[in-house]
Amino acid sequence: MRLSTVILPVRRWSEGGKEVWQRAEELGFHTAYTYDHLSWRSFRDQAWFGAIPTLTAAATATSRMRLGTLVTSPNFRHPVTLAKELISLDDISDGRVTLGIGAGGSGFDATALGREPWSPRERADHFGEFLPLLDKLLTQDVVSHQGERYTAHEVRNIPGCVQRPRLPFAVAATGPRGLRLAARHGQAWVTTGDLKDATGTPVASREVVRGQIERLEKACADVGRDCGELRKIVLTGFTPDRPLDSLDAFVDFAGAHAELGVDEIVIHWPIADSVFAADAAVFERIATEGLAQLAGQETPPVDVRTDATR
């Protein structure tokens, strides 16, 4: 089991932003992610900075911890320009980047460029072309593509990623088309434990995750891939579970999900007076003691450079 955090880009770099990322590394988090949105829900009318510049700054302020998006989507991104930015970020971080990526939703990002939000089918259609093209752009020196939604004309991406054959993808998906993309292109799979069909209890939430993993296993089998090759990541904060209430609550949550096959838990860095408010002291205890208590022994250090895609 790995423990990671997601740091929302809400702080000026000169007013505590830099120190949060450095503290995350000091606490031993495997990866620190950030949201890749133009704005998000209750934070819409508050400070909010861009994901790629934030991660670039974080790469220069840290040296061991992995960095990533959770998640990027086609809502306001184009695979050609995104690939160039990711290759540059992977170089600046010396190969510490993971791209969390999904189909996106119908929030503020969907209308910021002045168009009507895509329907769920349209989002899936865009994602289905976006992700394979991005894969090519990150693994091949020269790429041309003429698709229904995206075009690339003799695009050069030299020298490519530091990580080979490219930086890892963590694909957020729950539907059949997204799960097939995760099976074909992902090094990891991400879920928030969606409760659309559940009763609103922690037990029901875990059954949702169990069902999602079973469908992921089938998607992998359909493409001839071992599902064990994909890490299973749960982003907390969107289910009835309250893993940040106490160290014991976290250990119970992580243990229950480990039994399902989840091997990375992501917790939100606390933000006061928000949906992600949490006790800072409890949060730091979870960061430093949670996995050791889960394992019943001292957790050995992980080489985040060489263990990136396992």
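Let's start with helix α3 (residues 79-92) and α4 (120-139): in this predicted model, they pack at an angle of about 45°, with their axes 9 Å apart. The axes here are lines fitted to C-alpha atoms, for helices over the stretch in contact, and angles run from 0 to 180 degrees between N-to-C directions. Helices are DSSP runs of H or I, at least four residues, strands are runs of E, at least two, and both are numbered from the N terminus. α3 and α4 are therefore oblique to each other; the scheme counts angles under 35 degrees as roughly parallel, over 145 as roughly antiparallel, 65 to 115 as roughly perpendicular, and the rest as oblique.

The crossing of α3 past α4 is right-handed, meaning that the near helix is turned clockwise from the far one by less than a right angle. Who touches whom? On the α3 side we have Pro79, Val80, Leu82, Ala83, Leu86 and Ile87, and they meet Phe130, Leu133, Leu134, Leu137 and Leu138 in α4, with contact meaning heavy atoms within 4.5 Å. By class, that contact has 11 nonpolar, no polar and no charged residues. For the classes, Ala, Val, Leu, Ile, Met, Phe, Trp, Tyr, Cys and Pro are nonpolar, Asp, Glu, Lys and Arg are charged, and the others, Gly among them, are polar.

A quick word on the ground rules, friends. Residues are numbered from 1 along each chain as its sequence is written, and side-chain values use heavy atoms, with hydrogens and water left out. Since the model is predicted, local features need pLDDT of at least 70 and side-chain atom pairs count only at pLDDT 80 or more, while totals for chains, interfaces and linings use all residues.

Next pair: helix α1 (residues 17-26) packs with helix α2 (residues 51-61) at about 60°, the axes being 10 Å apart. That makes α1 oblique to α2, and α1 passes α2 in a right-handed crossing. Lys18, Trp21 and Gln22 in α1 meet Thr54, Leu55, Ala58 and Ala61 in α2, and these residues divide into 4 nonpolar, 2 polar and 1 charged.

The largest pocket has a volume of about 1400 Å³. Its lining has 42 residues, and the closest to the centre are Gly104, Gly105, Thr174, Thr192 and Asp194. Which element gives the largest share of that lining? That is α4, with 5 residues. By class, the pocket lining has 17 nonpolar, 16 polar and 9 charged residues.

Grid points are joined across faces, edges and corners, and a volume is the space filled by probe spheres set on the points.

Last, some backbone details. Most peptide bonds are trans. Where are the cis ones described here? One joins Leu70 and Val71, with omega about -5°, and Val71 is in strand β3. Another joins Arg164 and Pro165, with omega about 5°.

Terms used: 1 Å grid on protein atoms, 1.4 Å probe; cavity = no way out; pocket = protein on both sides within 12 Å on 5 of 7 lines; lining within 4 Å.
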